[in-house]
Amino acid sequence: VIWPVSAASQCTTTGSGVTNTITPGTDFSVTGAGYVKTPATATLACPAVPDLVVSVTAAPNPVTAGSTATYTIAVINQGGAAADLSSLSTVLPAGATVVSTSTPCAGGFACSLGTLTTGQTVTVDVIVQIPATAQAGSSYALTANASTATIEPVTTNNSATASVSVVAA
């Protein structure tokens with residue numbers, strides 16, 4: 001019996017199981033006399049895994065040229081297992097200057113977040129100086145990316161971006 005991909009993809013990061021039902025006449029053919037034509041079920045055990053989710057907000061928005069903007073990065077482990085050796089990296093706004101970053105990334109990026117337990121959130125503030133020469137209508141985006149050494153099947157939510165728009169002083 002081959003477990004259908006559609007059933008296996010229903011596994012969640014919390015470690016719950018997925019039950020698959022195989023129906024005679026639909027999923028396979030039954031021929032001959034004496035065969036029982038009742039559905040069979042099997043449960044696929046899904047291991048608990050981490051799921052790092054990243055969000056980024058920026059304030060104030062809009063900003064004036066020459067002022068500062070604060071990007072707040074939040075990384076939460078929404079999975080059912082710890083995320084070991086987690087780290088955070090960023091793509092900083094081109095042309096902007098980093099004024100400061102908060103712990104645990106006070107030394108800059110990439111930085112270590114350590115082990116994130118289930119439900120744990122780490123927040124990092126990045127303050128950047130918008131150039132005084134920034135043109136009204138331009139924008140400055142920061143992208144944050146989280147990763148873990150633990151197997152994490154869902155990585156599409158490990159990155160997020162926020163932008164600030166520049167207005168005339």
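Okay, let's start with strand β1, residues 17–22. One face of β1 is covered, and that face carries Val18, Asn20 and Ile22. The uncovered face has Gly17, Thr19 and Thr21. If you're wondering about that every-other-residue pattern, side chains in a regular strand alternate between the two faces of the sheet. And before I go on, keep in mind that this is a predicted model.

So who does β1 pair with? Its partner is strand β2, residues 40–45, and the two run antiparallel over six bridges.

Next up, β11, residues 159–167. Which residues sit on its covered face? Those are Ala160, Ala162, Val164 and Val166. On the uncovered face you'll find Ser159, Thr161, Ser163, Ser165 and Val167.

β11 pairs with strand β10, residues 139–147, in the antiparallel sense, with seven bridges. Ser139 has Ser165 of β11 as its bridge partner, and Ser165 belongs to the uncovered face. There's also a pairing with strand β4, residues 63–64; that one is parallel and has two bridges. Here Val63 is partnered with Val166 in β11, and Val166 is on the covered face.

Now the four-stranded sheet. What's the strand order? Going across, you read β3, β5, β9, β7, in an open sheet with antiparallel pairing. At the edges are β3, which is 52–59, and β7, which is 97–101, and each of those pairs on one side only. Neighbouring strands here are turned against each other by 25 degrees on average, ignoring direction.

β3 is joined to β5, residues 68–77, by eight bridges, and the two run antiparallel. One of the bridge pairs to look at is Ala59 with Thr70 in β5.

How many disulfides turn up when you search the whole structure? One. Cys105 is joined to Cys111, with an S to S distance of 1.8 Å. Are those two cysteines buried or exposed? Both Cys105 and Cys111 are buried.

Notes
Residues are numbered from 1 along each chain as its sequence is written. This is a predicted model: local features need pLDDT of at least 70, side-chain atom pairs count only at pLDDT 80 or more; totals for chains, interfaces and linings use all residues. Side-chain values use heavy atoms; hydrogens and water are left out. Two strands pair if DSSP finds at least two bridges between them. Axes are lines fitted to C-alpha atoms, for helices over the stretch in contact, and angles run from 0 to 180 degrees between N-to-C directions. Buried means under 20% relative accessible area, exposed over 50%, partly exposed in between (1.4 Å probe, protein chains only). A disulfide is a pair of cysteine sulfur atoms within 2.5 Å.
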